[in-house]
Amino acid sequence: MKKELYSILKESKASDFIIKEITTYSQEAFFIGQKLDMSRAKEVSHTMVTVYVDSDDKKYRGSATKEIHPTYSVEEIKKEIDKAIFAARFVQNPWFPLVADQQSEGNDLDVNLTEELVKICEAMQKVKAKENEKVNSYEVFVNKKKTHILNSQGVDVTFYGFDCEVEAVINTSKEGHEIELYKDLRFANKKGEEITLEIEKMFISGEARLKAVSTKKNEHANVILSGDDVVQFFQYFTSHTNAANQYMGIAKAKIDEKMSGDDADDLTIELKAHMDGSTKNDAYDMDGNPVKDRVLFDKGVCKTFWGSIQHAHYIHMDDTTSINNVVVHGGSMSIEDMKKEPYLEVTDFSSFIMDPITGSFGGEIRLGYEKDARGVHPVAGGSISANFSKAVKNMKFSKETRQINNYIVPCAVCLRDVVVAGE
Amino acid sequence: MQVKMSGYLMEIKPKIKELITLLDNEFEYVSVLCTDVSGTSYRVGQRQTNVGDYGFSERGFVVRVYENGSYCEYSFNECEDVEACAKTIASVLKDELKALENLGISKMESPLIHEEEMTKIMMNEIEVNPEEMSAEDILAHLKKISDAGAKHEGVIEFQAAMQFAHVNKMFLSDKKDLMQSYAYAEGMAAAIGSNGEKTEMAYESFSGLKGAEILDEMDDKVEKIIQDLNDKLNAEAVVPGMYDVITTPEVTGLIAHEAFGHGVEMDMFVKERALAKDYIGKKVASDITSMKDGALSASQVSSYMFDDEGTLGSDTTIIDHGTLVRGISDLLSALRLKTVPTGNGKRESFERKAYARMTNTLFASGTDSLDDMIASIKHGYLLEGMDSGMEDPKHWGIQCVVAMGREIKDGKLTGKVVAPVTLTGYVPDMLKSISMISNDFEMFGSGACGKGHKEWVKVSDGGPYLKCKVRLG
């Protein structure tokens, strides 16, 4: 089908085109408690085609994207391509070039999906739970992907990827009161023992939540964020350096300027094409552009932007990359130092929400730890509401860092003067 | 005009029946869901225009089989040689299950599905078929909306978008032969603006079992979006605390969805993750409160004849005058709980597992007028616009982020606005505090709902204005 598709596109009125074909092989197992609920497998192939149509004066480049299903007949392919080309004629975006002259065949991965699935399920079956603890349910996914990108400007690259996901829910109970906690682990190469340990750690949080009292209302709290949501906190800064957001006029980062205030820790963020254990190690992005290492922020100062070839061209970037992996450097304080004064540490939100446009962030507290004159005690309920316009002035990052899939981030972020809704 | 059934599904039907016959030799139960969902999305802004496939477009198959006391599924989207396909499906599923069984894993009790003979076909109606409308006309209409919004002072970007979906599904098994074809449209207009200090966004969404006529509905909302944007830019932070509030139908829908919609998805009953299981027949809301969900409960984006497991859709009363009556269920959960499935087994796509999911979730209308409701409040807020929500079926916590609150003092709107507003609380406390319900009714079906943090499906929700007591932050 791909050969026919390529010839149809070559002979069409499209000024340029790109074909992205992703084939996914997957095996999945679903558990209720430690009992198998369902097993699943899939083999699917998706081919997305984008056609580009230039204006006569080459000032504008319209585009339209369409999935070409493997079950389409040649006539259907022609009809869909014609429809896409027709629509692209009425899209007047400024002209931009496609990635050109990239070839790579990649190396297929020697992965046995059934063995990988069994390895993870075995690790989950080994999770030790005390009398008042239980694994409620979990879902295991192992995926192998082959991606082939082909365009009319000499890009013909193939690359392979493998990733795993475990979504787990655990319960702990005390005197008839049962609570649950949720974790979504994504990884490429964790050992069985590491998976078992990560799930067992959830029981410690569960114990704390059983003892939790209501979060106290405080309009000027010192808040420490130390859960997996720290990743989303730092995504504010990657969002504001994104070329599309820069072009749309909604990004605040400026080259050679700081986004953070003088009282805040300096922000150093690096983009890495490769990170051990990450599920995001593709050699090329979906434009066919090689993914590169870059420094986004160095000691607080914004050094570069990142994004698609289209938006990079619009904001006059000579060279661009997409994001695979992100390293946020540690800050000035140890976690121990952060905890010297009274604080509210939030380890789990019901749902942490960060809006890069308005800068608002926060959420309902599912588990936290409050330090007051009486000591440290677990809390739950209530919510925090904050905004980056204020947070960037005083945010501090822990010296200690940790890896969460494709991010290495400070273990904790400390913010001052945060509004906490509680009792 | 009547929506046309997918020619592809009609053409592939004999092949799929052959596949079922072949797999019947290997398995006790076999069914196949075939999907052909097409559509186009158009988005026009001041700086960029995009045309692409509708986000939930798909064409493929999922086979469900019963093997050795368990259900197994295989998703695929190519099947040229039916015999080879049957062999692959049988060997992959059997090998995978065997490898798991070799670990000594025990299995959930999974009763065998018994189906009644059923042949049905459904095709819905729309006014203007966007598939027959020129991309030029649609883009020009959206550009007009974008330009009308962008000319206002302080507006950085004004985007107008429309997408159209043509859903075709076929469910085949030994006993069932079900086909449905329906279409819906969604629209969105959004303004991003700044006053130098703050950047905010305001939007309106549109949806329904409609065609391109949705574009005309969008024209009239530009001025309201700009007004909302300015209100948000000038908004103050809410002082955290408990307040009397009135929820607009959009926020009412969000509460229905997050408060009790997720909480009564009965696969959560099987997992003992939902407190609602122990409250069937008990009071969970005030006497004037009734809540429903179902493919037949409203005409919106999740109104279908059969779900993704071949169960006919229904109109389920969840809360009847304050009493929790029942939950909503997929087929396998119903088999395990020995209840009747309600036609709520939905998949993100043919590639994903089916779960118990909401369809059209709503609070029933009451008899009060909005004016009387506002007049009854000493100090509180009229909550408008939904941003997001998160469920907590195990503990009945609720978290909803609402676009803004309009202050009410001594029974009158003061013109003061607070934003953004996070609404949190304990679900039964909130539902029991519902003291007035308006005689209005409106449904909203743009966007999608996830289960946990994945498995996105189309849903709609809504209802009337509600007066209740909540914690705002």
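Student: What distance separates the centres of domain 1 of chain B and domain 2 of chain B?
Tutor: This is a predicted model. In it, the two centres lie 23 Å apart, taken over C-alpha atoms.

Student: Which residues belong to each domain of chain B?
Tutor: Domain 1 covers 7-102 + 119-233. Domain 2 covers 241-472.

Student: How many residues of domain 1 of chain B are in contact with domain 2 of chain B?
Tutor: 29 residues of domain 1 are in contact with 22 residues of domain 2.

Student: Which elements supply that side of domain 1 of chain B?
Tutor: Several give at least two residues each, including β1 (30-44), β6 (155-173), β7 (176-194) and α5 (222-233) of chain B.

Student: Which gives the most?
Tutor: That is β7(B), with seven residues.

Student: And by class, what is on that side of domain 1 of chain B?
Tutor: The side that touches domain 2 of chain B has 13 nonpolar residues, nine polar and seven charged.

Student: New topic. How many helices and strands has chain B?
Tutor: Chain B has ten helices and 25 strands.

Student: What is the radius of gyration of chain B?
Tutor: The value is 24 Å.

Student: What box do the C-alpha atoms fill?
Tutor: Along the principal axes, those of chain B fill roughly 70 × 55 × 40 Å.

Student: What percentage of chain B is buried?
Tutor: Buried residues account for 59% of the 473 residues.

Student: And which share of contacts joins residues at least 24 apart?
Tutor: In chain B, 74% of the contacts between residues at least 6 apart in sequence do that.

Note on methods:
Residues are numbered from 1 along each chain as its sequence is written. Chains are lettered from A and ligands numbered from 1 in the order in which they are written. This is a predicted model: local features need pLDDT of at least 70, side-chain atom pairs count only at pLDDT 80 or more; totals for chains, interfaces and linings use all residues. Domain bounds come from an automatic or database domain assignment. Two residues are in contact if their C-beta atoms, placed from the backbone, lie within 7 Å. Helices (H or I, at least four residues) and strands (E, at least two) are DSSP runs, numbered from the N terminus. Ala, Val, Leu, Ile, Met, Phe, Trp, Tyr, Cys and Pro count as nonpolar, Asp, Glu, Lys and Arg as charged, and the others, Gly among them, as polar. The radius of gyration is taken over C-alpha atoms; the globule rule is 2.2 Å times the number of residues to the power 0.38. A residue is buried if 20 or more other C-beta atoms lie within 10 Å of its own, exposed if 12 or fewer, and partly exposed in between; C-beta atoms are placed from the backbone.
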